[in-house]
Amino acid sequence: RCHGAKGEGGDGPVLVLADTRIDEAQGVIENAGGELLYDSDLFDIYEGEHLEADRKSLAFHLIFQSNERTLTDKEVDAVYARIVSALSEQGFEVRS
């Protein structure tokens with residue numbers, strides 16, 4: 001994760017079934033992230049070697065930010081944990 005004056009970002013590859021739509025996974029991320037998730041951008045899709053044939057990996061760059069204050073690591077970690085939990089509940093696997 002990188003720190004900044006306004007926000008903090010992180011990257012997280014999400015392992016999904018090959019027929020999963022990108023907006024489905026991104027919607028789960030954005031709903032779970034709530035108001036402290038400023039932006040989520042897909043920056044990589046990987047299918048092939050080192051993955052099962054019915055899987056693909058979607059990598060998202062996440063930016064956490066508040067317009068009112070600088071976020072603490074604890075706040076960002078809590079939001080990220082909510083996102084990971086929500087993705088897991090949908091059957092997606094977050095890789096570190």
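**Cavity, core and a few residues**

Modeller: The residues lining the largest cavity split into nine nonpolar, one polar and no charged. Here Ala, Val, Leu, Ile, Met, Phe, Trp, Tyr, Cys and Pro count as nonpolar, Asp, Glu, Lys and Arg as charged, and the others, Gly among them, as polar.

Biologist: Before we go on, where does the model come from, and what counts?

Modeller: It's a predicted model, where local features need pLDDT of at least 70 and side-chain atom pairs count only at pLDDT 80 or more, while totals for chains, interfaces and linings use all residues. Residues are numbered from 1 along each chain as its sequence is written, and side-chain values use heavy atoms, with hydrogens and water left out.

Biologist: OK, back to the hole. How many cavities of 30 Å³ or more are there?

Modeller: One, from a search of the whole structure. The volume of the largest cavity is about 50 Å³. A cavity is a set of points on a 1 Å grid over the protein atoms alone where a 1.4 Å probe fits but cannot get out, and lining residues have an atom within 4 Å of a point. Points are joined across faces, edges and corners, and the volume is the space filled by probe spheres set on them.

Biologist: Which residues line the largest cavity?

Modeller: Gly12, Val14, Ile29, Phe60, Leu62, Tyr80, Ile83, Val84, Leu87 and Val94. β2 (7-17), β4 (55-65) and α2 (73-89) are the elements giving two or more residues to that lining. The largest share, four residues, is from α2.

Biologist: And what's the overall layout of helices and strands?

Modeller: Two helices and five strands, in the order β-β-α-β-β-α-β along the sequence. Those are DSSP runs numbered from the N terminus: helices are H or I with at least four residues, strands are E with at least two.

Biologist: Which residues touch the most other members of the largest nonpolar core?

Modeller: Of its 20 residues, Ile29, Phe60, Leu62, Phe64, Ile83, Leu87 and Phe92 do. β2, α1 (22-33), β4 and α2 each supply at least two residues of this core, and α2 has the largest share with six. By nonpolar core I mean buried Ala, Val, Leu, Ile, Met, Phe, Trp, Tyr and Cys residues joined through side-chain atoms within 4.5 Å.

Biologist: How much of the chain is buried?

Modeller: Buried residues make up 36% of the 96. Buried is under 20% relative accessible area, exposed is over 50%, and partly exposed is in between (1.4 Å probe, protein chains only).

Biologist: Last one. What is the phi of histidine 50?

Modeller: It's positive, about 80°, although histidine 50 isn't a glycine. Most residues other than glycine have a negative phi. Histidine 50 sits in the loop between β3 (37-46) and β4, and it counts as exposed because its relative accessibility is 71%.

Methods:
On a 1 Å grid over the protein atoms alone, a cavity is a set of points where a 1.4 Å probe fits but cannot get out, and a pocket is an open set with protein on both sides within 12 Å along at least five of seven lines; lining residues have an atom within 4 Å of a point.
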